[in-house]
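Please look through the sequence and the model shown here before reading on. The paragraphs that follow lead from one part of the fold to the next.

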Amino acid sequence: MTKPFLPQRGGYRSLKVYRVTTLIYDLTYHFAHTYLKAYDRTIDQMVQAARSGKQNIAEGSAAGTHSSETEIRLTSVAKASLEELLVDYEDYLRTRGLPGWGPGHPRYDRLRAYARSEEIFGDCPGIFEQMSDEELANLAITLIHQATYMLRRLIERQQEMFVENGGIRERMSRARRSYRSSEK
């Protein structure tokens with residue numbers, strides 16, 4: 001029996017970045033439908049960008065069984081979608097004269113620590129109803145920064161795995177050569 005050459009992929013649900021992007025999607029859905037006017041085209045754009053961030057992680061992970069290139073590309077699309085969403089939240093705060101809670105803001109460190117905690121997964125989405133638009137937008141921005149950082153690291157790891165193991169055609173050829181040499 002030869003060693004399988006198709007790596008089993010698709011374990012995206014256990015990735016912290018997937019869990020965070022699920023929160024981002026839920027938060028964005030609530031935010032867009034609560035704080036934006038019903039006719040505002042931004043609702044669909046924000047919700048779709050949040051959805052794309054989450055869904056492309058899942059699709060890329062599943063596609064990784066057959067194509068490292070597709071896995072890396074879809075993970076990159078997830079990151080780009082979240083970066084687009086980040087700009088929407090920053091625009092929302094700026095156009096309404098609301099502060100962004102970046103470094104130096106009195107609530108920044110506490111929000112950042114909360115966004116990194118496991119506690120947030122139990123609190124959300126119920127906590128969204130208790131938060132103002134300013135709080136939600138800043139929480140979303142913080143979560144997006146964390147998710148894009150994790151996605152950059154994931155893309156780096158996917159590239160390393162490709163360099164170490166090669167693509168599907170290389171693995172198939174190695175498996176075939178190994179099988180032939182064992183028959184001699």
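**A walk through the model**

Leaving aside neighbours within four places in sequence, Ser52 is in contact with Val77, Ala78 and Ser81, where contact means heavy atoms within 4.5 Å. Ser52 itself is placed in helix H2, helices being DSSP runs of H or I with at least four residues, numbered from the N terminus. With a relative accessible area of 18%, Ser52 is buried, a word that stands for under 20% relative accessible area, while exposed means over 50% and partly exposed lies in between (1.4 Å probe, protein chains only). The C-alpha atoms of Ser52 and Glu170 are separated by 31 Å, and the two residues are 118 residues apart along the chain.

This is a predicted model, in which local features need pLDDT of at least 70 and side-chain atom pairs count only at pLDDT 80 or more, whereas totals for chains, interfaces and linings use all residues. Residues are numbered from 1 along each chain as its sequence is written, and side-chain values use heavy atoms, with hydrogens and water left out. The mean pLDDT of the chain (the predictor's confidence in each residue, from 0 to 100) is 90, and 91% of the residues reach 70 or more. Confidence is highest in H1, at 97, and lowest in helix H7 (residues 168-183), at a mean of 72. Where pLDDT is low, the predicted coordinates should not be read in detail.

Beyond its neighbours within four places in sequence, Tyr89 is in contact with Leu27, Thr28, Phe31, Met46, Ala137, Ala140, Ile141 and Ile144.

Tyr89 also belongs to a cluster in which ring pairs link it with Phe31, Tyr35 and Tyr92. Across the whole structure a search finds five aromatic pairs, counted when the ring centres of Phe, Tyr or Trp (its six-membered ring) lie within 6.5 Å, with planes under 30 degrees apart taken as stacked, over 60 as edge-to-face and the rest as tilted. The pair of Phe31 and Tyr92 is edge-to-face because the ring centres are 4.8 Å apart and the planes stand at 75°. Since Phe31 lies in helix H1 (residues 16-35) and Tyr92 in helix H3 (residues 68-95), the pair ties together parts that are 61 residues apart in sequence. Phe31 is buried at 0% relative accessibility, and Tyr92 is buried at 6%.

Aromatic rings take part in another arrangement, in which a charge sits over a ring if NZ of Lys or CZ of Arg is within 6 Å of the ring centre and within 35 degrees of the ring normal. The charged end of Arg19 sits over the ring of Phe121, 3.8 Å from its centre, and that of Lys54 sits over the ring of Tyr25, 5.8 Å from its centre.

Two loops complete the tour. Ser117 is in the loop between H4 and H5, and counts as buried at 19% relative accessibility.
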